Amino acid sequence: MEKFFKLKENGTKVSTEIVAGLTTFFTMAYIIVVNPNILSQSGMEWGAVFLATIIASIIGTLVMGLFANVPYAQAPGMGLNAFFVYTVCFALGFTWQQALSMVFLCGLLNILITVTRLRKFIIRSIPVSLQNAIGGGIGVFVAYIGLLNVGFITFDSGVPAIAVLNQPSLWLFLAGLALTIILLVCNVKGAILIGIVITSLLGIPMGVTSTGDSVSFAEACAALPTTFGVIFTSQGLPSLFNDMTKLPMVLITIFSLSISDTFDTIGGFIGTGRRSGIFSAEDEKAMTSSSGFKSKMDKALFADAIATSIGSIFGTSNTTTFVESAAGIEAGGRTGLTSVVVSVCFAVSAFLATFVSAIPSAATAPALVVVGIMMTSAFKEICWEDFSEAVPAFFAGLFMALCYSISYGIAFGFISYCIVKICKKQAGTIHPIIWTASALFILNFILLAVI
């Protein structure tokens, strides 16, 4: 194990990696129940999506851990699953079988741009100030996810506000947040995981921690054939090209899925990998190789790319690298062993879904908030006194949370960066990839407006 994962070389040990894996899993375990709740609205069998979610997460995370040896977890992404149901199926009128087929093609497209090393070149083209802004912005985004998940921030009448503290879940959240902060300040090992466990236990007498509704493993297995491989039937891929009048819309949808997935992943890797040293300078130099996968970054991007297509075959929307992986990384995870632990937890959850779903958001939200606090340290590397540098950094860092999307934050950062450079008559210093990416983002916004 030491030789395979290179634990000493990465400054970690087995116990640390296990704690990191458990931490990551518990902060993202909600997807096991939430994803089928969302996708089943399109007509898919709840049990089938439940099992497909777990299988896609296991395979994607294992590839990330065993092939790339990095501590990232994969699962069907929030936001992308909502786009799948509410935009592709409801607004555009595609069947869920056709939507899955478009996700599959999106995965193939992501594999193509990864093999051709376009994703790598995008990362290398991003200015240092924007990289730091993305890192800090993801911190704000992660903390924001935690606050929203527990309902601490509400939008009554469309106006954001702090919720009225009249619910046990909110008091439990505040207690868990205080506990986790105290443990971290006192340098207690495994502080974040300990905080999740103790908060969950405190929630039992408060009535917050309770088993959720689910299906048995046998019932899920019986339902899986309704989604597994359906994209290869007449209702799947062939049906996308039966009506050529819909072809432009099919291509637009695949493009939108791809650009969101790609920049969510790139943002996550930059935000967490650079700060923690998972992707080192030496690793980035290895990325200049013209062929093969010779760096951890290359391998991680490839692992992420294939996960989407695999997930669609089983019956779920885009599988992506989860930003909640930051929780495990802050807990000390540095190698693929962390990912393997997450995969094992997902496998166990297939049989213990009722108990896994009992972990309340009030117990995991504090972990996300404190991880967000840690990650905002990247903002200190930005020269805020230079307004031309502060503008794109501000938009990239803040809009991730405001738009609830890493890719949208990067989009506004890129576009504003180009505008600032043009105004300063420094357009020649803008990397061609930044120009291209900005144009594609603008095109995507226009196409979404037309849809």
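The largest pocket of this predicted model has a volume of about 540 Å³. A pocket here is an open set of points on a 1 Å grid where a 1.4 Å probe fits, with protein on both sides within 12 Å along at least five of seven lines, and lining residues have an atom within 4 Å of a point. Local features need pLDDT of at least 70 and side-chain atom pairs 80 or more, while totals for linings use all residues. Residues are numbered from 1 along each chain, and side-chain values use heavy atoms, without hydrogens and water.

**Pocket lining**
- The largest pocket is lined by 28 residues, with Met78, Gly79, Leu80, Asp264 and Tyr404 nearest its centre.
- Its lining divides into 14 nonpolar, 12 polar and two charged residues (Asp, Glu, Lys and Arg count as charged; Ala, Val, Leu, Ile, Met, Phe, Trp, Tyr, Cys and Pro as nonpolar; the others as polar).
- H13 gives the largest share of this lining, seven residues (helices are DSSP runs of H or I, at least four residues, numbered from the N terminus).

**H5 with H6**
- H5 (residues 80–91) packs on H6 (residues 96–115) at an angle of about 115°, their axes 10 Å apart (axes are lines fitted to C-alpha atoms over the stretch in contact, and angles run from 0 to 180 degrees between N-to-C directions).
- Phe84, Val88 and Cys89 of H5 meet Trp96, Ala99, Leu100, Met102 and Val103 of H6 (contact means heavy atoms within 4.5 Å).
- The residues of this contact are eight nonpolar, no polar and no charged.

**H7 with H15**
- H7 (residues 118–125) and H15 (residues 296–314) pack at about 125°, with axes 10 Å apart.
- Arg119, Lys120 and Ile123 of H7 make the contact with Met297, Asp298, Leu301, Asp304 and Ala305 of H15.
- Four nonpolar, no polar and four charged residues form this contact.

Key: Helix = DSSP H or I, 4+ residues; strand = E, 2+ residues; numbered from the N terminus. Points joined across faces, edges and corners; volume = space filled by probe spheres on them.
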